[in-house]
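Here is a short report on one protein model. Please keep the sequence and the 3D view open while reading.

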Amino acid sequence: QGRYFVSVVSSWNHSMEPGYHLWSFSGALLAKVYRDKFYQFLWRPQPPTLLSREKQSDVKRRLPQYREKYLRADTWRERAEQKEFYIGRQSVRREWYALV
């Protein structure tokens with residue numbers, strides 16, 4: 001878990017196909033990335049999680065509930081913004097008709 005190998009071709013040495021290949025520890029090619037003017041590859045591994053396995057599985061299990069909760073909240077917020085927009089538009093329209 002979490003063991004990768006990267007082979008890099010930089011623009012410092014070669015002008016053709018600079019970039020990197022990402023390999024799994026077992027030797028499977030995971031990604032080929034080519035970049036013009038590629039000079040440096042920096043790796044920042046992901047730190048280990050602070051959650052226990054039980055807490056991780058609990059979060060994964062409850063994810064659909066969280067998603068539904070936040071989608072509902074987003075819908076209410078969007079409706080409130082739309083209502084405010086339409087109220088503002090109506091007041092501008094009333095002012096316009098008062099002038100005409």
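## Basis

This is a predicted model, in which local features need pLDDT of at least 70, side-chain atom pairs count only at pLDDT 80 or more, and totals for chains, interfaces and linings use all residues. Residues are numbered from 1 along each chain as its sequence is written, and side-chain values use heavy atoms, with hydrogens and water left out.

Two strands count as paired if DSSP finds at least two bridges between them.

Strand 1 covers residues 4–9 and strand 2 covers residues 19–24. They are joined by 6 bridges. Val9 has Gly19 as its bridge partner in strand 2. Val8 has Tyr20 as its partner there. Trp23 has Leu29 as its partner in strand 3.

How many residues lie between strand 2 and strand 3 in their hairpin? There are 4. Gly27 sits in that turn, with a positive phi of about 100°.

## A buried loop residue

Ser11 lies in the loop between strand 1 and strand 2. Is Ser11 buried or exposed? It counts as buried, at 19% relative accessibility. The cut-offs are under 20% relative accessible area for buried, over 50% for exposed, and partly exposed in between (1.4 Å probe, protein chains only).

Leaving aside neighbours within four places in sequence, Ser11 is in contact (heavy atoms within 4.5 Å) with Pro18, Lys37, Phe38 and Tyr39.

## The helix and its bend

Helix 1 spans residues 53–99, 47 residues in all. From its first C-alpha to its last it reaches 67 Å. That is close to the 69 Å expected at 1.5 Å a residue. The expected span is 1.5 Å times one less than the number of residues.

Where does helix 1 bend by about 50°? The bend is at Arg62, and a proline, Pro64, follows within four residues. A bend is the angle between axes fitted to the seven residues ending at a residue and the seven starting there.

## Salt bridges

A search of the whole structure finds 4 salt bridges. Each is a side-chain nitrogen of Lys or Arg within 4 Å of a carboxyl oxygen of Asp or Glu. Side chains of opposite charge can pair when their charged atoms come close.

Asp58, Arg61 and Arg62 are linked in a salt-bridge network. Arg61 meets Asp58 with the closest N and O atoms 2.5 Å apart. These two lie 3 residues apart in helix 1, about one turn. Arg62 and Asp58 meet at 3.0 Å, N to O. They are 4 residues apart, so about one helical turn separates them. Asp58 is buried at 17%. Arg61 is exposed at 56%, and Arg62 is partly exposed at 33%.

Further along helix 1, Glu81 and Arg77 are 4 residues apart, about one helical turn. Their salt bridge has its closest N and O atoms 3.2 Å apart. Glu81 is partly exposed at 46%. Arg77 is partly exposed at 42%.
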